[in-house]
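This report looks at side-chain packing in one protein model. Please have the sequence and the structure open while reading.

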Amino acid sequence: MAALNLSSPSFTTTTTTTSSSSLRPLFITINHTYSFSKTPSFHSSISFKPTHITKTRRPHLNLVVSAVGKLSESQTVPVPPQSDAVSSLLPSVSGVYAVYDTNNDLQFVGLSRNIQASVLFHQKSVPELCGSVKVGVVDNPDRTALTEAWKSWMEEHIEATGKVPPGNEKGNTTWVRQAPKRKSDLRITPGPNTQLTVPLEELIDRMVKENKVVAFIKGSRSAPQCGFSQRVVGILDSEGVDYESIDVLDEEHNSGLRETLKKYSNWPTFPQVFVNGELVGGCDILTSMHEKGELAGLFKQ
């Protein structure tokens, strides 16, 4: 019968796992060594090896976008004078951004649901102050997260320089869009039981052709009655455009407007926005144009 030698045999197993970290993913290698003698023993060694991080580039996006970190450590990117170049360079994402002039002096720190649209606005309104920009993306962009990211950059700058950026000083209106004063909604008739002297479709035609921007919405501009109408009112206000609004739910003053407007525009839903007598579209189209920075040019036509 053969004898089994147990004096010092041993074997080693290696286990490799991946640790996911928001800062830096790691490969963790664990070596287990087992040996048998009179007293079995076990030994483990752990080694950490950083993975190779590959940055995925978005099409036509030259800016390497990173999550919010320190302002001083964020990448500075020159702002080109052409609007289309800015659109291809900056992301349509939520976060914080810092705008520097051509002397590399910080002028303004802002927070935005659409950084690309905000920088485009600044480039057009104060081009002489937009030399470069830093961007920090907020992954979960609720109001609290955006505000905290903005505060961290502001506090870092104030601690380093002892002063607030000029554009963030109290009372400064250079960098902030001023919403137009609230106007009253247009009404087709002064009250119920009013006899129209011209067809309703003709009145609609006059409204959209005699006013540059007209928004047919559910509810009033001060109290929209649906989320889509609220979104459209918010976009028009943020663009600073002078527009007229008409409540399609107001049967007392705008009786029959909804069905007649659908036939006039050949568009089945509300809100409906007209510019220079032509239908632009509803909430989805207006939102897309707003995010791409295309509305400012449309309203100037």
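Which residue's side chain does a polar contact join to that of serine 245? The partner is aspartate 185, at 2.4 Å. A polar contact is a pair of N or O atoms within 3.5 Å; within protein, one must be able to donate a hydrogen and the other to accept it, and residues adjacent in sequence count only if both atoms are side-chain atoms.

The model is predicted, so local features need pLDDT of at least 70 and side-chain atom pairs pLDDT 80 or more, while totals for chains, interfaces and linings use all residues. Residues are numbered from 1 along each chain as its sequence is written, and side-chain values use heavy atoms, without hydrogens and water.

Serine 245 lies in strand S9 (residues 244-247). Helices (H or I, at least four residues) and strands (E, at least two) are DSSP runs, numbered from the N terminus. Serine 245 counts as buried because its relative accessibility is 0%; buried means under 20% relative accessible area, exposed over 50%, and partly exposed in between (1.4 Å probe, protein chains only). Beyond four places in sequence, the contacts of serine 245 (heavy atoms within 4.5 Å) include Leu186, Ala215 and Arg221.

The charged end of arginine 221 sits over the ring of tyrosine 243, 3.9 Å from its centre. For this, NZ of Lys or CZ of Arg must be within 6 Å of the ring centre and within 35 degrees of the ring normal.

The whole structure has four aromatic pairs. Rings of Phe, Tyr and Trp (its six-membered ring) pair if their centres lie within 6.5 Å; planes under 30 degrees apart are stacked, over 60 edge-to-face, and the rest tilted. Two of the pairs are tabulated.

| Pair | Centre distance | Plane angle | Type |
|---|---|---|---|
| Phenylalanine 108 and tryptophan 175 | 5.3 Å | 5° | stacked |
| Phenylalanine 216 and phenylalanine 274 | 5.7 Å | 80° | edge-to-face |

Phenylalanine 216 in strand S8 and phenylalanine 274 in strand S10 are 58 residues apart, and both are buried.

In soluble globular proteins, nonpolar side chains tend to be buried together.
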